[in-house]
Amino acid sequence: MFAATPLNRRSYRNQNVARAVFFLMTVALVIPVLIIVGTLVVRGGPALSWEFLFTAPRDNMTAGGILPALVGTIWLVVVALLASVPVGVAAALYLSEYAPDNLLTRTINLAIINLAGVPSIVHALFGVGAFVYFFRFGASILAASLTLAVMTLPVVIVATRESLQAVPQAFREACWNMGATRWQTIRKVVLPNSISGILTGVILEVSRTAGETAPIMFTGATAFVAFLPESVFDQTMAMSYHLYYIATQATDVSEQLTFGVALVLIAIVLAMNAVSIGFRVYLRGLKKW
Amino acid sequence: MDNGQRGDYAIETRGLNLWYGDFQALIDVDLEVKRGIITSMIGPSGCGKTTLLRTCNRIIERLGYVRTTGSVYVLGHDIFGDDVELVQVRKQVGMVFQRPNPLPISIRDNVLFGFRLHEARTRKVSVAEENEVLESSLRQVLLWDTVKDRLDKPATGLSLEEQQKLCIARLLPVKPEVLLMDEPCSALDPAGTEAVEEMIWQLRGDYTILIVTHNMAQARRASDECVFMLLGRIIEHGRTEELFLAPENAKTADYIEGRYG
């Protein structure tokens, strides 16, 4: 009576096929990552040494280390974050917690989505026009970081707004009914419950900021400086641009060196992400439940 | 006449009309809620009772498309007056919702949330005083004995009934005069409903309570006065037993006998 009918069997077959397809797609996602990281480790790993990390390039980039680029990338990311996170989070707070639903707000939302879709080379040219020339920052860490900040701002805003909106409305109502102002509600309830989502947005942005080449090419990155940046008005080397340069422009650079630079670039991104994740875990730990 | 003391009513509305966009949800509502008693509001879905309740602390305005005319006096003061600060209104008029909405923090922090917001900002509050406020608030809602050993546990771990009591408890430290309750028992099982009703009865006298309910039996057993609303108007308002035993209006009689609703 309960034996499988042909229809049952066909349903099961279809479902197994579907599962197999989905599984293959998932694996297909992971394989490139493994290949990339594997190749980098195998071919670039031997290039790594303390000397590689802590000295400047020598002999037309064909020897020596990457210290100026490493330090430059950290400068760029930190300054870009200092600019984009406060602006982005404040904008998202306004849009999510204060803004009335009117034409202006909808226009702003549309602008943010469009800003996210602008190609990075266009951001680069904007950065040249705005920060390098108009504000007279020159080609500098400041100009490059601000360009990166503008590029990543939409990501911060959208991610922040989404995590703010994930906080149940009932929490806000509870606060308002106890006579809390909007700001008190945000500070005491909304932000503590959305901070980990906000940091996720920031983490995504760190990786992009460290990896992008186009926005910094014309605004502050330079192929070679032997010294480390001392202020935000210096030009700097950067990992991503350095990689681009030795891979396509410089001659006689050993393959090992190129892969080594790529490996370190990925490692810094992972390290910065790890710091952000650690911070997020710490913030979660502060909650008393 | 805006700030003059008016009568002995906790809440008084005069010619109150309210529109959601083009739809008029309240029509010429004149309501007087006496101090210190429990007044229930009954009526079929969409009759405007929740709207009226939410107008009494102006939380309704958060929906941008709401327009009102007429006046609402709370404790004799026009809450639509020019010099009215919403935060002050909401301190005096606490609200409880259908679904309990404890904040995702500890029981202690929930109860002391409003207290810290208002009291602890103007003066130094000792831990002993906080504990006292905490205990007396939880005792008033008959929750102290249940939760006294887990005050620092998350409030979201409580049962729905306990959460609803907690939501009422956290209104008390800022010393409101009026408690608005929007179907406070509709998410609860019968035992929870009974417990919350018992607690509401306990609060009677110290607070003016205005409670919206779908449950006519609840209105009947747990209120002093009862208001029957229909299609945005108040049809009848009187002592609960009289309204249920000898309604003056035929529509009221039809409703409480279950002919519509």
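Reply: In chain A, 76% of the contacts between residues at least 6 apart in sequence join residues at least 24 apart, a contact being two residues whose C-beta atoms, placed from the backbone, lie within 7 Å. This is a predicted model, in which local features need pLDDT of at least 70 and side-chain atom pairs count only at pLDDT 80 or more, while totals for chains, interfaces and linings use all residues. Residues are numbered from 1 along each chain as its sequence is written, and chains are lettered from A, with ligands numbered from 1, in the order in which they are written.

Chain A has 11 helices and two strands (DSSP runs numbered from the N terminus: helices are H or I with at least four residues, strands E with at least two). Read from the N terminus, its elements follow the order α-α-β-β-α-α-α-α-α-α-α-α-α. The radius of gyration of chain A, taken over C-alpha atoms, is 24 Å, well over the 19 Å that the globule rule gives for 289 residues, so chain A is more spread out than a compact globule. That rule is 2.2 Å times the number of residues to the power 0.38. Along the principal axes, the C-alpha atoms of chain A fill a box of roughly 75 × 60 × 40 Å. Of the 289 residues in chain A, 37% are buried, that is, have 20 or more other C-beta atoms within 10 Å of their own, C-beta atoms being placed from the backbone.

An automatic or database assignment divides chain A into domain 1 (15-47) and domain 2 (52-286). The centres of these domains, taken over C-alpha atoms, are 27 Å apart. Seven residues from domain 1 of chain A and nine residues from domain 2 of chain A form the contact. On the domain 1 side, four residues are nonpolar, two polar and one charged (nonpolar: Ala, Val, Leu, Ile, Met, Phe, Trp, Tyr, Cys and Pro; charged: Asp, Glu, Lys and Arg; polar: the others, Gly among them).

Key. Buried ≥ 20, exposed ≤ 12 C-beta atoms within 10 Å, placed from the backbone.
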